[in-house]
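Welcome! Let us take a walk through this protein together, starting with the whole chain and ending at a single residue.

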Amino acid sequence: MGNHKNQHFVPQFYLKGFSSDRKTIGTLILSSKKFVKDSAIKDQCSKNNFYQDKGYEIALSNFEGDTSLVFEKIMTESQLSNAEKSTVKAFMLLQKTRTKHSADIAQKHFDQLTNHLEQLAPSENSKPTLEKLRVDNHEAVELMKSLFPTSLLYCADLTLKVIVNKTHIPFITCDDPLLTYNKHLERLHHHNYGMSCNGLILLLPISPSYALVLYDANTYKMGTRKEFYVHISSLKDIEEICMLSILHASQTIYIKNGSIAVCQLLELMKAATKYCQQEDMEIDSYRSRTGSDELIHAHSEHFHIGARLEFLKELDKAKAIKSLNKRDFNVMQITRPHCIKIHENKPYKRQILSIGD
């Protein structure tokens with residue numbers, strides 16, 4: 001058995017879906033725009049002792065083994081059991097909370113918030129508390145890992161389907177591969193949203209020809225009710241998903257060698273630059289009328305690129321919403337009913353899957 005020192009935050013089995021020989025993968029390095037044709041998969045998206053927990057890494061390996069078997073079934077367009085669909089959902093949400101990119105952003109946001117609070121001239125007694133808000137990289141990794149059960153619970157109502165790419169443009173992927181988008185709230189000019197919001201869309205390309213989709217079925221329709229595999233022939237839809245992969249990337253973009261010309265990939269990358277997400281938080285302060293209290297609202301905006309994603313049709317009841325009430329805005333206006341029940345602590349039948357169960 002290996003010593004599990006080199007720990008991958010994007011699984012090797014996942015990247016093999018974009019490999020011609022299951023050993024190497026085409027890699028575009030964002031900082032230099034350099035393309036490496038045959039990067040070794042074992043060296044991608046990994047860091048020594050990233051989790052600092054060999055037990056967690058072993059549990060991940062076991063879970064990834066189960067998931068890889070389901071992915072093999074998906075690529076033959078076989079029907080999945082409910083248990084297999086649950087495994088896929090769990091993998092998607094786990095992937096969102098385990099990358100180096102997500103931990104780096106969390107650490108950056110905590111530092112930014114702490115710096116803002118320190119500028120408010122806090123008392124000497126409160127300074128030790130503020131200092132505890134700063135997190136190092138390991139604490140940021142642990143924080144993101146802890147969000148997985150909550151994400152799984154909040155997203156239990158989302159519908160899972162699979163896109164079958166029938167165009168000549170392949171899906172690509174990156175070092176932060178779960179793609180988050182919300183075309184419903186973007187249409188309403190609301191660009192700050194989370195896992196509990198109406199209109200949430202999560203996409204995960206798993207090969208040049210297949211991508212997983214988790215979506216809010218109270219907002220969108222995808223294919224027919226009975227269709228699990230939805231065939232897509234729209235070049236625009238596939239280009240928009242590729243654009244989202246580029247925008248979510250931190251350092252690297254991955255392709256199956258020979259599936260797309262490097263010049264075409266660079267063109268997509270150039271087009272994406274005008275949509276790059278601002279990873280800094282926006283921090284707004286609101287003082288009470290007496291001036292003795294202050295409310296801090298810290299948030300970051302998601303990508304708003306105007307993607308139409310025509311395979312996801314907004315339902316008539318969703319399209320009937322023309323704007324949000326900005327004056328009396330309440331977050332419950334954009335929260336899915338499933339998540340409202342959770343917020344209200346009403347009795348709710350739920351099951352949280354643990355890694356390795």
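Two residues are in contact when they have heavy atoms within 4.5 Å of each other. With that in mind, look at this predicted model: among contacts between residues at least 6 apart in sequence, 77% join residues at least 24 apart. The chain is built with twelve helices and 15 strands. Of its 357 residues, 47% count as buried. The accessible surface comes to about 18,100 Å², and carbon and sulfur atoms account for 50% of that surface.

Now let us step inside. The largest nonpolar core has 49 residues. Phe71, Ile74, Met92, Leu202 and Leu212 are the ones with the most contacts inside this core. Take Leu202 as a guide: leaving aside neighbours within four places in sequence, its contacts include Met92, Leu158, Leu178, Thr180 and Leu212. Val213 is also in contact with Leu202. There is a second, separate core of 45 residues, and Val213 is among its members, as are Ile172, Ile241 and Leu265.

Our last stop is Thr167, in the loop between strand 5 (159–165) and strand 6 (173–174). Beyond its neighbours within four places in sequence, Thr167 is in contact with Ile232, Ser233, Ser234, Leu235 and Ile238.

Methods:
Residues numbered from 1 in each chain as written. Predicted model: local features only at pLDDT ≥ 70, side-chain atom pairs only at ≥ 80, totals over all residues. Heavy atoms only, no water. Core = buried A, V, L, I, M, F, W, Y, C linked by side-chain atoms within 4.5 Å. Buried < 20%, exposed > 50% of the residue type's maximum accessible area, 1.4 Å probe, protein only. Helix = DSSP H or I, 4+ residues; strand = E, 2+ residues; numbered from the N terminus. Areas by Shrake-Rupley, 256 points an atom, 1.4 Å probe, with all protein chains shown as cover.
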